[in-house]
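Open the model in your viewer and keep the selection tool ready. Each stop below says what to select and what is there.

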Amino acid sequence: MNLLKISVGFWLSLQCLPVTGQRNEADRNKSRPNVIIILTDDMGVGDVGAFGGTIMPTPNIDKLASSGLKLTHYYSGAPICSPSRASILTGMYPGKWNFVTYLDKKSHNKDAGQIDFLNPEAPSIARFFKNSGYATGHFGKWHMGGGRDVTDAPKFVQYGIDEHASTYESPEPDPLLTATNWIWSDKDSIKRWNRTAYFVDKTLDFMSRHKDQPCFVNLWPDEVHTPWVPEPENGEEALKPQSEAAFKRVLKEYDMQIGRLTDGLKERGLFDNTIIIFTSDNGALPRFGSRSGGFRGSKLSLYEGGIRMPFIVSWPGHIPAGKTDERSELHAMDLLPTLSKLSGITIPATYKADGVDRSTVLLGKSSLRKKEMFWEYGRNTIAYAYPKGKDKSPQLAVRSGEWKLLMNHDGSNAELYNIVKDPAEASNVASGESKKANELSTKLLAWWKSLPELGNQ
């Protein structure tokens with residue numbers, strides 16, 4: 001009889017072990033932060049009121065900034081969309097995965113010296129989060145494979161993404177957004193002016209359905225990229241899709257949707273435990289007024305106006321509110337190791353990052369970045385577009401501390417700027433600082449030569 005009681009008691013104790021383990025895992029999940037990366041398309045520093053923009057008030061983006069930290073030395077991975085997005089997803093220089101400019105049809109990609117889609121074997125921040133227990137979603141633009149005549153691009157699941165709703169330039173375009181075989185059509189069920197609202201709705205729904213599981217979400221709208229198509233008012237004629245008037249209306253709507261996102265998170269009790277990153281993939285184009293925030297250059301340029309972006313991060317109770325860091329450099333590829341550290345994500349030992357962990361910077365401790373940052377754009381004149389006049393930059397760039405050097409692949413046209421003292425890149429001091437210019441040009445050319453050649457991965 002006593003043996004029976006002991007056996008039954010032991011059996012019952014074994015049954016409790018999984019429940020305890022499940023409870024501990026549930027408690028751990030609830031304590032881990034959600035992560036949302038809002039990647040605006042073609043937004044310049046001067047488009048945001050919190051960064052001094054005056055084109056159109058952006059009260060909701062500004063409110064997000066007041067709840068968190070602003071960085072004024074954040075850089076995208078490239079001055080154009082596809083490689084800049086790849087740098088966020090992989091945490092590596094996009095050139096290492098043969099991304100140089102935007103992806104298009106196969107003939108264009110070949111002319112540009114790049115591949116047709118991101119290799120699914122590439123590291124993926126979404127996959128790292130998924131493998132650590134996160135639900136992962138991608139809502140918005142992708143542009144790292146798919147569209148036009150590229151029909152063999154890998155599916156989202158191969159990059160570690162559970163749920164998605166994306167545009168034409170993706171391997172699995174949402175049919176509500178792609179009534180025709182193009183990036184936008186007036187036949188689309190979700191009209192152009194409602195796209196950001198649609199992606200915000202998808203994000204909130206996704207997170208609501210995973211309240212007991214931490215979520216990682218890429219919220220990558222295709223605003224404020226042209227064409228600017230605001231909702232018509234009172235039967236008015238459509239505004240010209242690259243006019244300043246159309247842009248202002250689109251920016252106003254976009255700002256409202258950022259407000260809807262934050263309000264929706266608060267209503268669901270998710271805001272306080274969500275890390276929100278707000279930034280842009282590259283600079284403004286077309287550029288008018290103050291869209292580049294006083295910086296030289298625009299999209300398609302390695303001057304600051306093409307790669308230096310607005311950056312806001314919010315996480316109440318962890319990241320200081322209402323603070324501006326005007327010195328710490330941060331690169332897009334730093335987001336992978338940084339967000340992984342803040343979220344307790346395990347990164348595979350075999351992963352070789354180009355980005356660095358800057359979590360202490362996001363938590364409020366300003367510091368200089370110890371590694372140089374490199375860029376490439378413009379391998380030839382066939383598959384690359386360039387700004388006109390003084391905004392057209394050399395093909396390569398490096399930033400090292402307070403110094404920034406630009407030059408061409410063959411070593412010509414070297415330009416050196418003290419980017420802290422001269423953020424507008426108005427005074428080329430290469431001749432007067434020849435030692436520094438030679439040091440950085442040597443590093444820059446060595447970096448560029450280390451990238452894979454045409455068609456190699």
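Start with two side chains, Glu-304 and Lys-404: both are buried, where buried means under 20% relative accessible area, exposed over 50%, and partly exposed in between (1.4 Å probe, protein chains only). This is a predicted model, in which local features need pLDDT of at least 70, side-chain atom pairs count only at pLDDT 80 or more, and totals for chains, interfaces and linings use all residues. Residues are numbered from 1 along each chain as its sequence is written, and side-chain values use heavy atoms, with hydrogens and water left out.

**Salt bridges**

Stay on Glu-304 and Lys-404. Their side chains form a salt bridge at 2.8 Å, N to O. The term covers a side-chain nitrogen of Lys or Arg within 4 Å of a carboxyl oxygen of Asp or Glu. Glu-304 sits in helix 8 (residues 304-307) and Lys-404 in strand 12 (residues 403-407), so the bridge links distant parts of the chain, 100 residues apart. Helices (H or I, at least four residues) and strands (E, at least two) are DSSP runs, numbered from the N terminus.

How many salt bridges are there by this rule? The count is 29.

Select Arg-148 and Glu-169 next. Their side chains meet in a salt bridge of 3.2 Å, N to O. Arg-148 is in the loop between strand 3 (135-140) and strand 4 (163-166), and Glu-169 is in the loop between strand 4 and helix 6 (195-208), so the pair ties together parts that are 21 residues apart in sequence. Arg-148 counts as partly exposed because its relative accessibility is 23%. Glu-169, at 9%, counts as buried.

Now go to Arg-327 and Glu-329. This salt bridge spans 3.4 Å, N to O. Arg-327 is partly exposed at 24% relative accessibility, while Glu-329 is buried at 1%. Then select Asp-41, Arg-85, Lys-141 and Asp-281: salt bridges that share partners join them into one network.

**Cores and helix 9**

Select Phe-311 and Leu-339. Within the largest nonpolar core, which has 45 residues, these two touch the most other members. A nonpolar core is a set of buried Ala, Val, Leu, Ile, Met, Phe, Trp, Tyr and Cys residues joined through side-chain atoms within 4.5 Å. Apart from this core lies another, of 42 residues, including Ile-36, Ala-165, Tyr-254 and Phe-278.

Return to Leu-339 and show its contacts (heavy atoms within 4.5 Å). Setting aside neighbours within four places in sequence, Leu-339 is in contact with Val-35, Ile-37, Ile-125, Phe-129, Ile-275 and Ile-277.

Step just past helix 9 to Gly-344, which takes a positive phi of about 70°.

**Pockets and the cavity**

Rolling a probe the size of a water molecule over the atoms shows where empty space is left. On a 1 Å grid over the protein atoms alone, a cavity is a set of points where a 1.4 Å probe fits but cannot get out; a pocket is an open set with protein on both sides within 12 Å along at least five of seven lines; lining residues have an atom within 4 Å of a point. Grid points are joined across faces, edges and corners, and a volume is the space filled by probe spheres set on the points.

Select Asp-42, Lys-141, His-225, Thr-226 and Lys-299. Of the 28 residues lining the largest pocket, these lie nearest its centre. The volume of the largest pocket is about 490 Å³.

Move to Pro-230, Glu-231, Arg-249, Val-250 and Glu-253. They lie nearest the centre of the second largest pocket, which has 15 lining residues and a volume of about 270 Å³. Helix 7 (residues 244-267) gives the most to that lining, with six residues.

Finish inside. One cavity of 30 Å³ or more is counted. The largest cavity holds about 80 Å³ of space. Its lining includes Gly-77, Tyr-93, Phe-99, Trp-375 and Trp-447. Strand 10 (residues 373-376) supplies the largest share of this lining, three residues.
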